[in-house]
Amino acid sequence: MRGYYGKKNYKGRRSAWGSRKAPGGGLKIAFIVAAVLIVLTVGLNLLARNVDGFAEWYSGNFYPIIVNTVGRLFGLFPFAVGEFLLYAAIIAAVALIIFAIVKIARADRERKIYVLRTIATALCTLSAVAMIFTLNCGINYFRDPFSVKSGLPTNEKYTPQELANLCVYLVQGANTYADKVTVGSDEILTEGEEDLHTDCVKAMQRLGARYGSLAGFYPQAKGVLFSEFMNQCRILGIYDPFTVEANYNNASPYFARPMTICHELSHLKGFMREDEANFIAYLACRDSGNDILCYSAYTDALIYALNAFHSVASDAVYAELYSYISPQVKAELAANNEFWANYETPVADVAENVNNGYLISQGQSDGTKSYGRFVDLMIYDYKANIAS
């Protein structure tokens with residue numbers, strides 16, 4: 001930036017940071033700051049990935065402080081702060097790139113300084129972003145799984161018959177609560193006077209009374225303003241690690257929103273794995289005592305279970321199972337399929353590939369296929385806590 005010193009005949013040269021010191025002084029500090037942040041970020045990631053117990057200690061002792069400070073602060077705003085910060089960051093980045101190109105193109109003797117300043121600014125920004133992501137999200141990927149904390153026997157194998165038993169259980173649950181919720185003329189769950197934000201927080205707190213790792217403060221989830229873009233990417237919700245907010249797609253099918261909200265809220269307790277976040281949301285909604293949340297749990301979970309069962313059962317057996325689903329639930333499932341069929345686009349394919357790469361980079365070697373492990377967890381829970 002330019003500085004004004006009050007004298008036109010000032011002979012000294014300004015540094016790239018606009019001070020009277022020799023050029024390069026501010027740049028050295030910037031590069032040092034970036035280097036320190038990079039070293040700390042890499043070090044924390046190495047500790048989380050390679051030192052047993054570090055990620056679990058961090059998620060149980062340090063991360064809650066972040067949720068109770070940053071999460072509470074941004075939770076005061078009625079809108080998704082992270083969404084607007086993202087838009088502001090994109091605009092600022094474009095403006096700074098244009099500014100840097102113009103300054104470098106016009107510079108003569110100081111061109112090298114402007115280039116170095118641009119690089120230093122980019123390094124400081126990116127290293128700070130990486131550090132915040134690591135503290136608020138990245139380390140938690142390597143904590144003890146919720147399945148371990150809940151005592152599920154995840155090492156046991158299950159049979160196709162046990163998968164079928166789970167499907168029957170979910171069909172019964174979906175059918176039961178379909179009779180208790182308000183639907184429109186198309187037999188699809190419609191939005192009423194309920195407050196999903198408050199209801200989902202209560203459901204998570206209720207589950208937290210059973211599992212201490214889920215206890216404590218929850219901010220209310222927030223719908224994203226430009227949710228149509230999330231539809232284009234086939235995204236239902238997102239946890240923002242920079243503002244510690246649980247955001248959801250408020251243009252998605254209504255029946256799935258309670259599960260989505262509780263899924264994102266589970267990330268605020270440090271459970272980042274997608275299959276486990278789904279499972280936590282399923283337990284929270286299923287055991288909430290709230291008809292709409294229960295309907296969301298059974299119907300949403302049924303989609304995953306039916307997909308898994310269809311891959312191992314004959315068409316005749318699958319058709320027989322499907323025939324037990326009530327007309328209303330069938331209408332819900334058909335409408336859901338029709339809704340997402342409209343967004344089978346190249347944009348969605350790119351978004352899925354990006355998400356797959358991201359999950360792999362965070363230690364989930366099977367990428368987006370990890371969502372399917374949600375069915376495994378439901379079967380283990382069914383065998384241990386329902387069937388018995």
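Ala 100 is placed in helix 4 (residues 81–106); helices here are DSSP runs of H or I with at least four residues, strands are runs of E with at least two, and both are numbered from the N terminus. The model is predicted, so local features need pLDDT of at least 70 and side-chain atom pairs count only at pLDDT 80 or more, while totals for chains, interfaces and linings use all residues. Residues are numbered from 1 along each chain as its sequence is written, and side-chain values use heavy atoms, with hydrogens and water left out. With a relative accessibility of 11%, Ala 100 counts as buried (buried means under 20% relative accessible area, exposed over 50% and partly exposed in between, with a 1.4 Å probe and protein chains only). Ala 100 and Ile 119 are 19 residues apart along the chain, and a distance of 10.0 Å separates their C-alpha atoms.

Strand 1 runs parallel to strand 3 (residues 245–248), and the two share 2 bridges. Within this part of the sheet, Gly 223 lies opposite Tyr 248 of strand 3. On the other hand, strand 2 and strand 3 are antiparallel and are joined by 4 bridges, and Ile 238 has Asn 247 of strand 3 as its bridge partner.

The hairpin of strand 2 and strand 3 has 4 residues between the strands. Val 244 lies in this loop between strand 2 and strand 3 and has a positive phi of about 50°, although it is not a glycine. At 1% relative accessibility, Val 244 counts as buried. Thr 243 belongs to the loop between strand 2 and strand 3 as well, and its relative accessible area of 1% makes it buried. The side chain of Thr 243 makes a polar contact of 2.7 Å with the side chain of Glu 245 (a polar contact is a pair of N or O atoms within 3.5 Å; within protein, one must be able to donate a hydrogen and the other to accept it, and residues adjacent in sequence count only if both atoms are side-chain atoms). Beyond its neighbours within four places in sequence, Thr 243 is in contact with Val 70, Gly 71, Phe 74, Val 81, Gly 82 and Leu 85, where contact means heavy atoms within 4.5 Å.

Glu 187 sits in the loop between helix 7 (160–178) and helix 8 (196–208) and is partly exposed, with a relative accessible area of 35%.

Helix 10 (residues 257–267) is largely enclosed by the rest of the structure, because 11 of its 11 residues are buried. The rings of Phe 54 and Trp 57 form a tilted pair, because their centres are 6.3 Å apart and their planes stand at 35°. Phe 54 and Trp 57 are 3 residues apart in helix 2 (residues 54–61), which separates them by about one helical turn. Phe 54 is buried at 17% relative accessible area, whereas Trp 57 is partly exposed at 47%. The pair of Phe 339 and Trp 340 is edge-to-face, with ring centres 4.9 Å apart and planes at 90°. Trp 340 is buried, at 11% relative accessibility.

Ring pairs also link Phe 146, Tyr 211, Phe 271, Phe 279, Tyr 282, Tyr 304 and Phe 374 into a cluster. Over the ring of Phe 271 sits the charged end of Arg 143, 4.1 Å from the ring centre (a charge sits over a ring if NZ of Lys or CZ of Arg is within 6 Å of the ring centre and within 35 degrees of the ring normal). The charged end of Lys 269 likewise sits over the ring of Tyr 218, 4.7 Å from its centre.

Technical notes: Two strands pair if DSSP finds at least two bridges between them. Rings of Phe, Tyr and Trp (its six-membered ring) pair if their centres lie within 6.5 Å; planes under 30 degrees apart count as stacked, over 60 as edge-to-face and the rest as tilted.
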